[in-house]
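Have the viewer open and try each task before reading its solution.

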Amino acid sequence: MMNMNSDLQPSPMDVIDRAAGLQASDRLYAARRFRATAIEHTQASHDALLFDAVEGLSVSDRLKVAIDVCQASQATTLTRHYQALLADPVRAQDTLSPAAAAMQQWARTLTLDPRKGDQSSLQALKASGLSDAAVVALAQLVAFLSYQTRVVAGLRALAASPAPDAQAQAQAQAQDSKVSPTNGSANPGVIRINGFTNETLQWRSWLTPVHIDQASSEQLAVLDESHPQARTSDYYLTLVHQPRMLQHRSTAYNAIMYAPGGLPRAERELGALVVSVTNGCVYCTSVHAQRYTQLAKRTDTVEQVFQDPSTAGSTPRERAIARLAQAVTLRPHALGPQDLAPLQALGFSDEDLIDLLHATAIFGWANRLMHNLGEPVFSATF
């Protein structure tokens with residue numbers, strides 16, 4: 001019988017700190033704490049995704065998926081972390097799910113290229129014996145690992161970079177503030193380029209969402225914490241099959257994307273937009289094209305990202321953000337100081353860079369949920 005108890009307790013040490021090699025005396029340890037809520041709920045996500053009881057998924061099932069994903073991502077230190085958890089004697093009590101092979105194949109596909117997820121692959125998971133609630137737990141785990149591996153890779157690259165020089169940083173920021181967009185146009189209409197749009201889209205789940213009239217008090221509370229429209233959203237009603245996982249994910253997301261201070265919100269949205277286009281997530285692209293436009297009061301950069309994110313940007317700062325967002329998305333295992341240097345030369349602080357790493361990494365998480373658990377619903381004229 002499958003062991004469903006949360007009997008293996010996580011280490012009290014923050015997993016990302018440990019995997020990135022950070023000590024309490026390091027400058028980046030302190031810089032990370034600028035977003036303490038995001039850190040707290042990233043760690044809580046790790047714990048819930050691995051150790052909360054999920055009917056049909058043992059802890060060992062999930063650890064094996066985590067190991068496979070981290071190996072595919074070339075995330076060596078995180079691979080060792082999950083291997084150590086799997087080696088705990090408690091795991092000998094677990095029986096692997098009959099769906100283990102299907103889960104690992106699906107996880108590896110989404111890790112290497114989230115554009116390859118589709119409804120048929122999701123139905124294959126269900127055909128192998130997983131319930132909708134178990135599929136949601138698995139999807140959250142795979143998506144979280146894409147975020148976690150990228151944050152660790154970015155922190156390791158930043159740790160290998162020189163500490164910022166306060167005077168040079170101030171000079172670079174002053175110079176950058178004088179640079180205006182080369183074409184600060186705002187297109188008041190609908191933009192449609194390469195299959196992407198800034199139109200408001202709907203989203204349809206490939207699973208069966210929780211019916212709001214049948215939701216538990218816990219599920220209702222988590223929906224209300226997550227988003228103002230969560231009670232009527234297929235997306236949130238699908239994810240709330242696992243309310244604690246959704247709660248921690250939503251809290252981390254909101255702290256990363258909306259909290260005041262640090263990197264300007266428009267620039268966090270630009271990172272999210274570049275990642276979403278690169279990952280082929282049409283729904284996320286539409287939402288964050290709108291949010292970037294609202295904050296920046298311009299659409300020229302949106303159009304450029306839709307055309308080609310690798311060359312997008314109307315200022316040196318925007319171009320540097322877009323280049324890093326693509327690097328984090330496409331080759332996190334190869335990130336190094338050279339990827340951060342252009343941003344540092346423009347006056348980005350450690351806190352700014354961590355904000356950008358968080359924003360780009362969490363869209364590896366968001367895209368893998370939105371693009372692989374359902375589909376956008378377009379207007380009739382698209």
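**Exercise 1.** In this predicted model, find which residues Ser205 is in contact with, leaving aside its neighbours within four places in sequence.

*Solution.* Start by locating Ser205: it sits in strand β3, residues 202-205. Next, list its partners: Asp234, Thr238, Leu373 and Gly374. Now look at the side chains, where a polar contact of 2.9 Å links Ser205 to Thr238. Finally, check the accessibility: Ser205 is at 10% relative accessibility, so it counts as buried, the cut-off being under 20%.

**Exercise 2.** Work out where Trp206 lies and what it touches beyond four places in sequence.

*Solution.* Step one: Trp206 belongs to the loop between β3 and α10 (217-226). Step two: its contacts include Asp118, Gln119, Leu122 and Gln123, and also His371, Asn372, Leu373, Gly374 and Glu375. Step three: take Leu373, which is 167 residues away in sequence, yet the C-alpha atoms are 5.7 Å apart. Step four: Trp206 has a relative accessible area of 13%, so it is buried.

**Exercise 3.** Decide how the radius of gyration of the protein chain fits a compact globule.

*Solution.* For 382 residues, a compact globule would come out near 21 Å; the chain has 20 Å, so the two agree. Last, turn to the contacts with a separation of 6 or more: residues 24 or more positions apart account for 77% of them.

Conventions: Residues are numbered from 1 along each chain as its sequence is written. This is a predicted model: local features need pLDDT of at least 70, side-chain atom pairs count only at pLDDT 80 or more; totals for chains, interfaces and linings use all residues. Side-chain values use heavy atoms; hydrogens and water are left out. Helices (H or I, at least four residues) and strands (E, at least two) are DSSP runs, numbered from the N terminus. Buried means under 20% relative accessible area, exposed over 50%, partly exposed in between (1.4 Å probe, protein chains only). A polar contact is a pair of N or O atoms within 3.5 Å; within protein, one must be able to donate a hydrogen and the other to accept it, and residues adjacent in sequence count only if both atoms are side-chain atoms. Contact means heavy atoms within 4.5 Å. The radius of gyration is taken over C-alpha atoms; the globule rule is 2.2 Å times the number of residues to the power 0.38.
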